[in-house]
Amino acid sequence: MINNNPEIIIIDFGGQYVFNFKRFFFELGISSEIVPYNITSEEIMAKNIKGIILSGGPYSVYDPGTPKLDKKIYDLGIPILGICYGNQLIAEQLGGKVEKGQQGEYGFTYLEISNLKDPLFTNIKQKSICWMSHSDLISEIPPDFEIIAKTPQTEIAGIKSLSRPIYGLQWHIEVTHSEEGEKILNNFVFNIAKCKKKEWNVDSFIKKSSTEIKNIIKDGTAICAVSGGVDSSTVAMLSSKVLKYDQLYCVHINNGVMRKNESEQVIKWYKNLGLNIRYIDATNEFLKKLDGITGSDEKRKIIGKTFIDIFEREAKKVNAQFLIQATIMPDIIESTRGEANKIKGKKHGGIIKIHHNVGGLPEKMGLRLVEPIKNLFKYQVRILARKLGLPKEISERQPQPGPAGAVRILGPINTEKIKIWQESNHIVEKILKPLHPSQYFAILLPNKYINNLNINNEIKNIVSNFVEPESLIEPFIFSSQTIGVKGDERAYRYTLGLKMMKNGVNLWFTLNSIDILNLQGIITGRINQIVRIAALLSDNLDYNKPYVILIRSVETKDFMTATPTLLKKEILMKLKNELNKIPSIGAVFYDYTTKPSATIEYI
Ligand code: XMP
């Protein structure tokens, strides 16, 4: 059942973030495999496995028919780390007790580690912020176990066997939200499972991959779509090292919704790099087709199709036989989701979004696909980009979605809105760039709100627990729906704009970060129609102006989960002041939502 020779196996109980483990191990050069929960101890014994992760899952261990681990696996002597459901499973299967908690613990909380000398906690802060998503909890630890961590609501947040290398943690170390999460995983693989770090060698990668490109393309002609982003630029640069100038055609298509002066800049960079670049200004073609289109899927489809049409035309012109594509590992990390999800008919656990930027193109055009960096992660692509001599603006560039501003301007697109969005986005980039968030941009929304959801009182009740009595709490529900993640699925829901004032002071500037994170978690958790929360930064909302700007800035490594960048008051004020100067902007908001429940992009 285990295919290759993984050092670590991730036993899948249907948790949402199973892939995050795989991504993490991959980055460390450690081979890992996601295996179904019904794997047997014999199957594990047949391989040289160094460590086992028991994933989270959407079940209660005490319910009949829920996925369980072959108990003999606990006796193999292989280090085990159980997370959330995996943690509860360890407790239940080894003689402890798991019960339904009085109230669930969803979102951010303070974690306190009891024994920092434990090798799992080397170089870990005693107190940090962690992310929880559970209602069940361990009420009694198994014999021969000790408690290693707690939170204000969960006395037994972590357990450890005193005689075997078995650990259980209630919080999710595999998501961006848990401050010390990656360090703990690091400690598990190196200090406990005794894996050896394998450094990725960029020089040997260049040598091997460029030889492969040459061997495949030989004297043929290749075409490569280049956006100016780090992935496509790197793949073009790498290929240009072994292909002649007129063997490699790089095509940059301006879809009219690029960032301010973006295409001009990109072309300049490529020319300086000596690449054979073709610039196609297809603004009119795109805008004509996008005219009057509001739906996000429709926008994506139109942009995708138009892009393919133009690209196909260009490929024909140069008689290309090969398409060099900048697919990277996160695009293909998807593998079969396991057995655990079948139990309750949960087919999609863990998969929030997958992007295939030019999927379907090679088949349609009869081109042979070449994907030289498909086994790399973004951070490796950046190392490669630097090594290949790409300018910093490219190697460190924040990722941009293929449909560009089209998904950041909500509602129909026109030249006026594009200009306002470009200007606003430029301001946001200028102010936030020095802080290096993972991704940051502006979204232009109509200054329109709805009032028929009957959720305002519930919102006010929740918010009142976070602010002093007599504070003004004013919810605005934006009329434009946006995408979020509810349960295992993507869902179109609403964004809540929130004004909170007392004695002329904007209370958003006074709340501490954990309260903000908790507030957004509680609102999106309890109110099904809401997927995002945005703080009103402006003093007032001017209804006479047609648009508002929402600022999105997130911290993430894998883009599967993300936390909002917690900006200082001075930065938020600066953003507000500069954006408020744009004549048609009625207010400025800062998006404080984690992914989940909101995705990074709005649509
Ligand atoms: P979400 O919105 O799913 O985004 O949280 C995760 C990451 O993917 C990028 N993204 C896209 N990239 N085409 C792309 O090439 C798209 O349609 C698209 N949608 C989202 C997003 O910017 C983020 O980095």
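This dialogue explains how to read several features of the predicted model shown above.

Reader: Which domains does the assignment give for the protein chain?

Author: Domain bounds come from an automatic or database domain assignment. Here that assignment gives domain 1 (8–192), domain 2 (202–404) and domain 3 (425–598). Taken over C-alpha atoms, the centres of domain 2 and domain 3 are 32 Å apart.

Reader: How is a pocket defined, and what is the volume of the second largest pocket?

Author: On a 1 Å grid over the protein atoms alone, a pocket is an open set of points where a 1.4 Å probe fits, with protein on both sides within 12 Å along at least five of seven lines; lining residues have an atom within 4 Å of a point. Grid points are joined across faces, edges and corners, and a volume is the space filled by probe spheres set on the points. The second largest pocket has a volume of about 1400 Å³. It is lined by 50 residues, of which Glu105, Tyr106, Gly107, Ser133 and His134 are the closest to its centre.

Reader: Which elements and domains supply the lining of the second largest pocket?

Author: Helices (H or I, at least four residues) and strands (E, at least two) are DSSP runs, numbered from the N terminus. At least two lining residues come from each of helix H3 (85–93), strand S5 (97–113), strand S6 (127–140), strand S18 (482–486) and helix H17 (513–526). H17 gives the largest share, ten residues. Domain 1 and domain 3 each contribute at least three residues to this lining.

Reader: How many residues of that lining are nonpolar, polar and charged?

Author: Ala, Val, Leu, Ile, Met, Phe, Trp, Tyr, Cys and Pro count as nonpolar, Asp, Glu, Lys and Arg as charged, and the others, Gly among them, as polar. By that division the lining has 17 nonpolar, 25 polar and eight charged residues.

Reader: Is Thr495 buried or exposed, and what does Thr495 touch?

Author: Buried means under 20% relative accessible area, exposed over 50%, and partly exposed in between (1.4 Å probe, protein chains only). Thr495, in strand S19 (residues 489–502), has a relative accessible area of 0% and is therefore buried. Contact means heavy atoms within 4.5 Å. Not counting residues up to four places away in sequence, Thr495 touches Phe476, Ile477, Phe478, Thr482, Arg532, Leu550 and Tyr602.

Reader: What joins the side chains of Thr495 and Thr482?

Author: A polar contact is a pair of N or O atoms within 3.5 Å; within protein, one must be able to donate a hydrogen and the other to accept it, and residues adjacent in sequence count only if both atoms are side-chain atoms. The two side chains are joined by such a contact of 3.4 Å.

Reader: Where is Ile413 placed, and which residues does it touch?

Author: Ile413 lies in the loop between helix H14 (392–395) and helix H15 (415–432). Ile413 counts as buried because its relative accessibility is 4%. Its contacts, not counting residues up to four places away in sequence, are Val257, Leu287, Leu290, Ile293, Lys299, Ala406 and Ile418.

Reader: Which residues of helix H13 are buried, and what covers them?

Author: In H13 (residues 378–387), the buried residues are Lys378, Gln380, Val381, Arg382, Leu384 and Ala385. Their cover includes helix H1 (18–27), helix H5 (202–217), helix H6 (230–240) and H14. After H13 comes Gly389, with a positive phi near 85°.

Reader: Which backbone values deserve a check?

Author: Most residues other than glycine have a negative phi, and most peptide bonds are trans. Lys218, which is not a glycine, has a positive phi of about 45°; Lys218 sits in the loop between H5 and strand S10 (222–225). With a relative accessible area of 54%, Lys218 is exposed. His436, also not a glycine, has a positive phi of about 50°, and His436 is exposed at 66% relative accessible area. A cis peptide bond joins Lys595 and Pro596, with omega about -15°, and another joins Pro596 and Ser597, with omega about 20°. Pro596 is in the segment after strand S24 (585–591).

Note on methods: Residues are numbered from 1 along each chain as its sequence is written. This is a predicted model: local features need pLDDT of at least 70, side-chain atom pairs count only at pLDDT 80 or more; totals for chains, interfaces and linings use all residues. Side-chain values use heavy atoms; hydrogens and water are left out.
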